[in-house]
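Here is a friendly briefing to read alongside the fold. Please keep the viewer open as you go.

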Amino acid sequence: MGGSARYTRQRERGNRDWVPVSLVHVPSHRRWGPTAFHLPGTWPLIGRGAELAFVVDAIVAQDCGGIVLAGGAGVGKTRLASEVVRAAAGQRCATEWVAATRAGASIPFGSFAHLLPDFVLSTVDQLGVLRRIVDALIARANGRRLVVAIDDAHLLDDASATLVHQLAGTRNAFILATLRAGVPAPDPIVALWKDGMAERLELQALSEGQVHELAVQVLGGHVDGAMSYTAFAINNKGKVRALAVAMEKRHPLLPDTPTFRELGVDWVDGAYRGIGVPKSTPAEVRKRLSDLWASLNDDPEMKELAAKSGFELVNVGSEQMDAFMKQKIKIYTEGAKLLNLGK
Ligand SMILES: Nc1ncnc2c1ncn2[C@@H]1O[C@H](COP(=O)(O)OP(=O)(O)OP(=O)(O)O)[C@@H](O)[C@H]1O
Ligand SMILES: [Mg+2]
């Protein structure tokens, strides 16, 4: 939609010689501040300096096969493990990340699937398989110290758990496992610390003071507001949380996000992308252009593409444009007055 930018720029310069002939609507979600959308991808790490140093020292010292980070739900096991992996990579270690899941637990080597060499499928000798996988993983490290992080090791399938145990027993690999405390774990994982191959570190929840510090760092004037398109929220699921959508009905791709109206705010709105032509353009040319855009917006493939990315195509043709602009100018002028903007 190259024309949209052109239209916007002309309007910003106050050049009234351009008139919009076609607009496409992109619904908004949650308006906070007037411009920037700022959310950190990852929250700053608070505390954990001692734990991080302890684990990194153990990796460098090479005097144990690994460390098991155990703790209750949500205390920050995965986060600490990922910080350790980052620090280890900075120490020129080779790092691998394995995330165990309940679904993968029923498949032998399910959690390691992305790291397995091709030969595994054709090998029947179980011990031979394990040895060859260990060798292949160490070969991948290319002479560097190998750190294998296993997130949620209690969910490992038995074959993967045995492989982890074997890896911890080699001098070349360091196992960093996270484990939900109080939940049964496969025997080879328990054996890691029971047999003294690895150390078990109990991770405590952050203190009240640390949580306070985190809130101040994250919220302290940095995330005071954000407004963006539903498409942004849809394409960044997991990174942003849409609080409300300014739509008549909930967005099908954000079914858990309420509309503003549901929350008691009567607001349905969005951004419009426009195509502009010089004012001198004859009416029939304007109409032809507008019809072309209408048929493009009506194209099933275009509609499907737009819907998938979270865009709702609402075509405003040249015939409806004057009434539409009038209505919008009224709404935005009133809004600007409420914000003490403009005259
Ligand atoms: N020290 C920390 N500083 C800042 N944020 C943290 C810290 N520790 C954890 N977090 C954040 O808290 C949230 C929960 O942490 P995390 O997922 O690591 O917990 P967990 O113990 O692995 O949880 P689960 O038991 O569900 O696996 C994440 O968003 C994480 O980034
Ligand atoms: Mg976790």
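V265 sits in the loop between α8 (230-235) and β8 (270-278); helices (H or I, at least four residues) and strands (E, at least two) are DSSP runs, numbered from the N terminus. With a relative accessibility of 40%, V265 counts as partly exposed, on a scale where buried means under 20% relative accessible area, exposed over 50%, and partly exposed in between (1.4 Å probe, protein chains only). Its C-alpha atom is separated by 9.2 Å from that of A246, 19 residues away along the chain.

This is a predicted model, in which local features need pLDDT of at least 70 and side-chain atom pairs count only at pLDDT 80 or more, while totals for chains, interfaces and linings use all residues. Residues are numbered from 1 along each chain as its sequence is written, chains are lettered from A and ligands numbered from 1 in the order in which they are written, and side-chain values use heavy atoms, with hydrogens and water left out.

**The nonpolar cores**

- The largest nonpolar core has 34 residues, and F112, I150, L167, I175 and I189 touch the most other members; such a core is a set of buried Ala, Val, Leu, Ile, Met, Phe, Trp, Tyr and Cys residues joined through side-chain atoms within 4.5 Å.
- At least two residues of this core come from each of β2 (66-71), β3 (94-99), α4 (126-140), β4 (146-151), α5 (158-169), β5 (173-180) and α6 (187-194).
- The largest share of this core, six residues, is supplied by α5.
- Another core, of 21 residues, lies apart from it, and its members include V56, A88, A149 and L176.
- Not counting residues up to four places away in sequence, F112 touches V98, L137, V148, I150, S160, L163, V164 and L167, where contact means heavy atoms within 4.5 Å.
- In soluble globular proteins, nonpolar side chains tend to be buried together.

- In β4, six of six residues are buried, so the strand is mostly covered.
- L146, V148 and I150 point one way from β4, V147, A149 and D151 point the other way, and all are buried.
- β3 and β4 pair in the parallel sense over six bridges; two strands pair if DSSP finds at least two bridges between them.
- Across that pairing, V98 stands opposite I150, and A99 has D151 as its bridge partner.
- β4 also pairs with β5 in the parallel sense, over five bridges, and there I150 stands opposite A177.
- One face of β3 is covered, with A94, E96 and V98, and the other is uncovered, with T95, W97 and A99.

**Helix α2**

- Helix α2 (residues 49-61) has 13 residues and reaches 18 Å from its first C-alpha to its last, close to the 18 Å expected at 1.5 Å a residue; the expected span is 1.5 Å times one less than the number of residues.
- The buried residues L52, V55, V56, A58 and I59 belong to α2.
- Seen down the helix axis, the buried residues of α2 fall within an arc of 155°, so they line one face; the arc is that of the directions from the helix axis to the C-beta atoms.
- Turned away from that buried side, the face of α2 carries the exposed residues A50 and D57.
- The cover over the buried residues of α2 includes β2, α3 (77-90), β4, β5 and β6 (198-202).

**Helix α5**

- The twelve residues of α5 should span 16 Å at 1.5 Å a residue, and its end C-alpha atoms are 17 Å apart, which agrees.
- A159, S160, A161, L163, V164, L167 and A168 are the buried residues of α5.
- Among the elements covering the buried residues of α5 are α4, β4, β5 and α6.

- L214 lies in helix α7 (residues 208-219) and is buried, with a relative accessible area of 14%.
- From C-alpha to C-alpha, L214 and P44 are 7.3 Å apart in space, although 170 residues apart in sequence.
- Neighbours within four places in sequence aside, L214 is in contact with W43, P44 and I46.

**Cysteines**

- The structure holds zero disulfides, a disulfide being a pair of cysteine sulfur atoms within 2.5 Å.
- C64 is buried, with a relative accessible area of 14%, and C93 also counts as buried, at 8% relative accessibility.
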